[in-house]
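This report describes the fold of one chain and its contact with a partner chain. The sequence and structure come before the details.

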Amino acid sequence: MHVIIIGCGRVGADLAATFEAEGNEVAVIEKDRLALTRLPEDFKGRTILGTGIDDEVLRRAGIETADAVVAVTNYDNTNVVAAQIAKEKYKVKNVLARIFDPKMQEIYGEFGLETVCPTKVTVKLIHDSISAKAAGKGA
Amino acid sequence: MYAIIVGGGKIGYYLTRTLLDNGHEVLLIEKNEDRAHRLDEALGDVVVHGNGTDIRVLERSGITRADVMVAVTGFDEDNLVVCQVAKRKFGTRRVIARVNNPLNEDTFRMLGIDATVSSTRIIYNLLEEEVGSNTLVCLATLSRGRLEIIEVGLANDSPAAGKAVKELRLPIDCVLMSVLRGDEIIVPRGDTVLEGGDAIVALVRQGGQGALRAALGAS
């Protein structure tokens with residue numbers, strides 16, 4: 001499948017490498033040239049300098065034929081808007097936005113957007129891990 | 001009317017001020033602490049320091065009773081999110097978003113925000129109008145498009161204003177048919193002097209528009 005990753009931070013770069021290693025066609029959109037160096041040296045996919053809410057940038061990344069779009073910049077609002085553009089305007093079926101703010105994630109979840117909230121996930125993992133150990137010790 | 005404004009740049013500041021002067025209740029939300037502090041001193045107790053795209057900040061600002069939400073930050077994604085949240089989550093009746101990049105207007109509309117203001121677009125439209133008094137309009141095409149009847153509005157500062165027709169460097173395949181000046185219709189001859197505000201109707205062979213444009217100083 002053709003996957004577009006918006007935002008080349010640690011998560012974006014790793015996702016891009018992972019999807020490519022599985023034989024997918026990957027395009028990465030990132031506004032900071034330096035951030036693109038996070039990609040593996042042998043990354044073969046397209047890299048597009050620009051913002052993921054810009055139509056021209058999205059088209060250069062091949063949004064019209066994309067099977068999936070993942071918005072993982074470090075800015076919630078950019079992710080929310082980019083994901084909505086992919087979903088509403090370009091009718092991409094498989095779209096996901098990362099939203100750090102749990103409140104915001106709730107709202108956009110209600111609006112029908114597929115989201116992941118790292119804050120909630122991390123809190124749950126840490127809480128469960130600490131609780132499990134405490135229970136093990138019989139505390 | 002109670003209006004919440006997000007973004008305390010020049011637009012946010014003057015908008016707040018204007019609304020206050022007209023007796024409205026206003027709250028201005030600004031992200032930068034220094035700036036929020038200075039705005040508060042200048043405007044009196046109507047500024048909140050905080051991120052206007054943060055739900056908690058909006059809730060504390062009394063968004064549920066706001067009549068209008070105006071998002072005028074320098075970031076289109078922020079303005080769009082503020083307006084979407086206000087409209088869809090809190091049911092704010094009227095939301096207005098500033099669009100910094102005019103290419104994003106379409107996106108805003110598509111994502112449910114109809115009332116947008118783009119200063120780039122406004123200034124561009126004004127320029128168009130200004131230029132419009134000096135442009136070239138095709139009235140009719142003849143001989144399957146090989147000939148065109150064209151109307152050119154002459155601006156006051158056009159280099160052709162004040163010149164006699166014979167002084168113009170008209171393209172070869174071009175005839176000036178008439179000059180419309182107010183209610184007057186003039187059939188121009190070589191010694192007819194053109195004036196700013198004249199509308200000139202010309203017959204020109206296809207491909208000669210550029211030269212005619214140049215001769216009349218139209219853009």
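In strand 5 of chain B, Val95(B) is the bridge partner of Met69(B). Strands here are DSSP runs (E, at least two residues) and helices are DSSP runs (H or I, at least four residues), numbered from the N terminus. This is a predicted model, in which local features need pLDDT of at least 70, side-chain atom pairs count only at pLDDT 80 or more, and totals for chains, interfaces and linings use all residues. Residues are numbered from 1 along each chain as its sequence is written, while chains are lettered from A and ligands numbered from 1 in the order in which they are written.

Strand 4 (residues 68–71) and strand 5 (residues 94–98) of chain B run parallel and are joined by four bridges. Two strands pair if DSSP finds at least two bridges between them. In chain B, six strands make an open sheet with parallel pairing, in the order 3-2-1-4-5-6. Strand 3 (47–49) and strand 6 (116–117) of chain B are the edge strands, each pairing on one side only.

Contact means C-beta atoms, placed from the backbone, within 7 Å. Axes are lines fitted to C-alpha atoms, for helices over the stretch in contact, with angles from 0 to 180 degrees between N-to-C directions.

| Helix of chain B | Lies across (chain B) | Angle |
|---|---|---|
| Helix 1 (residues 10–21) | strand 1 (2–6), strand 2 (25–30), strand 4 and strand 5 | about 165° to strand 2 |
| Helix 2 (residues 33–43) | strand 2 and strand 3 | about 165° to strand 3 |

The contact between the chains takes 15 residues from chain B and 14 residues from chain A. Helix 4 of chain B gives the most to the side of chain B that touches chain A, with eight residues.

Definitions and conventions: Contact = placed C-beta atoms within 7 Å.
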